[in-house]
Structure formats: structure tokens, C-alpha cells
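Try each task first, then follow the solution step by step.

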Amino acid sequence: MASNTSKRKSSAVNGGGPLKKSGHWSQGLKASMDDPELVVEEDDRLVIIKDKYPKARHHFLVMPRESIANLKALDSRHLDLLRHMQSRGEELAAKTSKTLQFRLGYHAIPSMSHVHMHVISQDFDSVCLKTKKHWNSFTTEYFLDSEDVIQMIENFDAVEVNSSDSEKILKKDLRCHKCSKEFSTMPALKKHIVVHIANE
DNA sequence: GTTCTAGAAC
DNA sequence: GTTCTAGAAC
């Protein structure tokens, strides 16, 4: 074994941030779109990648090639694109598993820049799913279904997100997304949710 | 978004 | 003593 096995070196190693070369971490999806290891499907309007830290057995991100910063930048001009993203996402979900259920949608306040639609199976059986924020971001109103986002734009020509409410949602108590049973810790919740996964 | 870890919670 | 969460990261 080499040196420094027991303690991590300080940030002096690469002169500052861990992502200095590739830019700020929040811009990471841009690079992922060009990573052949992650891309599963693409066409002239979008790219679909595997989430680098999947929060379920199947977790994809559908991203427009056109750079759109966030949900607030969306309006009726994007309706065709958004419908296409949902359509391609539904196809991929159907192709991926006949038994698992999926949801397609957007986080109210995503951490990563560049609009991305999650396509995620509802088992949430993943070692990458660790925190209350992870859980609540996929199982509460924080998760905006694609069809609802599209409908909002059809009706109001915009997506309305209350950022103050959204932040509070992430702090809510842990509840099973299937039976609403409450749990005090993530390990307890994770142990429970597997009972809802249908055997294949 | 993740990693790391102090100290709260048990 | 161990598990678990939550905040800093320049």
C-alpha cells in the first residue's frame, strides 16, 4: 500500500477544488452528455444518459441538446421538445423493465445546471440513495411529473416553482412512497421499502 | 451533485 | 460504543 492510506490529503493536492479542470460541479451534466460510458440513447434534439449516482435500479436523465438553464427558462416554445423528451423517456422505461414502475419528471430546484428529466424506477433500491434530501426529492411534491410540467406550460406559459416551499419539503419526515409508513432514519426506511418491490 | 467528518442521537 | 445526520467544501 502506498502512503496516505488512513487520512485523506488536504485540498492543497490539486490547488483548490476537486473539479478545477472540468469546471464547477454544477456544470457536470454538460460533460456527461459527451461521455460514451453514460450515453444510452440520443437523437437530433436530446441525449439520454445514465445517472452517475443512480437512486434506483434504473435511473436515467433525459436532456435537451439545446442548453436550457432551468425550469424558469421554459415556455410554450419548448412544448414540442418537452413532449418529445417525455415520449422518449417512456419508451426507454418500457424497454428497460416490464415489471418495475417508473416516474418521469423534474426536481423543483435541481442542483445541477442544464434542464434534465429524471426517468427513475420506483424501487429506490440503490446504495447511492443515502440522505433525506435524496428521498424527499424523488418521493414528494418536490418531484414534478413531466406531464404536470407540460400542462403548466400549456395553461400558464411557464413553470411555477415556489423555492421557499420546495426547500421545506426536503426537510419533511421520511415516509414510504408506497404505504406512507413513517420512519425515523434512512437505514430503517431503506430496509422497509424493499417489501414493495415485486419479484421478477 | 458528492465527500468527509464532528458531534448528536441512540 | 456505534449509528446516523447535517453542514462545509476557498
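**Exercise 1. A helix and its span**

How many residues does helix α2 have, and how far does it reach from its first C-alpha to its last?

Solution. Keep in mind that you are looking at a predicted model.
- Step 1: Locate α2 at residues 79-96, which gives 18 residues.
- Step 2: Go from the first C-alpha to the last; the helix reaches 26 Å.

**Exercise 2. The covered side of α2**

Find which residues of α2 are buried, and what covers them.

Solution. 
- Step 1: Pick out the buried residues: Leu79, Leu81, Leu82, His84, Met85, Gln86, Arg88, Gly89, Leu92 and Ala93.
- Step 2: Look at what lies over them. The cover includes strands β1 (39-42), β2 (46-50), β3 (59-64), β4 and β5, along with helix α4 (146-156).
- Step 3: Zoom in on Arg88, which is found in α2. Why does Arg88 count as buried? Because its relative accessible area is 15%, and buried means under 20%.
- Step 4: List the contacts of Arg88. Leaving out residues up to four places away in sequence, Arg88 touches Glu41, Asp43, Leu46 and Ile48.

**Exercise 3. The neighbours of β4**

Work out which strands pair with β4, and in what sense.

Solution. 
- Step 1: Find β4 at residues 102-107; five of its six residues are buried, so the strand is mostly covered.
- Step 2: Turn to β5 (residues 117-121), which runs antiparallel to β4 and is joined to it by four bridges. As one example, Phe102 has Ser121 as its bridge partner in β5.
- Step 3: Now take β6 (residues 143-145), which pairs with β4 over three bridges, again in the antiparallel sense. Here Gly105 has Asp145 as its bridge partner.

**Exercise 4. The nonpolar cores**

Which members of the largest nonpolar core touch the most other members?

Solution. 
- Step 1: Among the 31 residues of this core, they are Met85, Tyr106 and Val119.
- Step 2: Ask where the core comes from. At least two residues each are supplied by β2, β3, α2, β4, β5 and α4, and α2 gives the largest share, six residues.
- Step 3: Look around Val119. Not counting residues up to four places away in sequence, Val119 touches His58, His59, Phe60, Val62, Gly89, Ala93, Phe102, Arg103 and Leu104.
- Step 4: Look for another core. Apart from the largest one lies a core of 13 residues, including Leu129, Phe138, Phe183 and Ile193.

**Exercise 5. Open and closed spaces**

Solution. 
- Step 1: Trace the lining to its elements: α1 (28-32), β2, β3 and α3 (132-139) each supply at least two residues.

Methods: Residues numbered from 1 in each chain as written. Chains lettered and ligands numbered in written order. Predicted model: local features only at pLDDT ≥ 70, side-chain atom pairs only at ≥ 80, totals over all residues. Heavy atoms only, no water. Buried < 20%, exposed > 50% of the residue type's maximum accessible area, 1.4 Å probe, protein only. Pairing = 2+ DSSP bridges. Expected span 1.5 Å × (residues − 1). Contact = heavy atoms within 4.5 Å. Core = buried A, V, L, I, M, F, W, Y, C linked by side-chain atoms within 4.5 Å.
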